[in-house]
Amino acid sequence: MVTINGKKSSSIGIVENAGLKILDVRVPINIHIVDSTKKELLLGSNWFTKYKADLILSENLLKFQAEGKKF
């Protein structure tokens, strides 16, 4: 996999259908674990596509669809 800094990094494990919660809404996600000193979760473009998500940085806002509803 290619990380956000453009470097290739091997996945050391995968957590399938992890229960990520945003606004009390469960949005399952497969988490690829990489060796890092930072504790961060990066959402890939496939997650944004799956949940029809839009990140509006100028408003500090994340819009997405899950469970048949818009948030």
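Me: Happy to start! Which pattern does the protein chain follow, read along the sequence?

Reply: Welcome! Going along the sequence, the order is β-β-β-β-α-β-β-β-β. Keep in mind that this is a predicted model. In total, the protein chain has one helix and eight strands.

Me: How far does the C-alpha trace span along its principal axes?

Reply: The C-alpha trace covers about 35 × 30 × 20 Å along those axes.

Me: What share of the residues counts as buried?

Reply: Burial is judged by relative accessible area, with under 20% as the cut-off. Here, 17% of the 71 residues of the protein chain count as buried. As for the surface, the protein chain exposes about 6,000 Å², and carbon and sulfur atoms supply 51% of that area.

Me: Why does Ile12 count as exposed?

Reply: A residue is called exposed when its relative accessible area is over 50%. Ile12 counts as exposed because its relative accessibility is 63%.

Me: How do I read contacts between residues that are apart in sequence?

Reply: Take the contacts between residues at least 6 apart in sequence; of these, 21% join residues at least 24 apart.

Me: And the charges: how far apart are the mean positions of the positive and negative ones?

Reply: The protein chain has 11 positive and 7 negative charges, and their mean positions are 2 Å apart.

Definitions and conventions:
Residues numbered from 1 in each chain as written. Predicted model: local features only at pLDDT ≥ 70, side-chain atom pairs only at ≥ 80, totals over all residues. Heavy atoms only, no water. Buried < 20%, exposed > 50% of the residue type's maximum accessible area, 1.4 Å probe, protein only. Helix = DSSP H or I, 4+ residues; strand = E, 2+ residues; numbered from the N terminus. Contact = heavy atoms within 4.5 Å. Areas by Shrake-Rupley, 256 points an atom, 1.4 Å probe, with all protein chains shown as cover. Lys, Arg positive; Asp, Glu negative; His and termini not counted. Charge placed at Lys NZ, Arg CZ, Asp CG, Glu CD.
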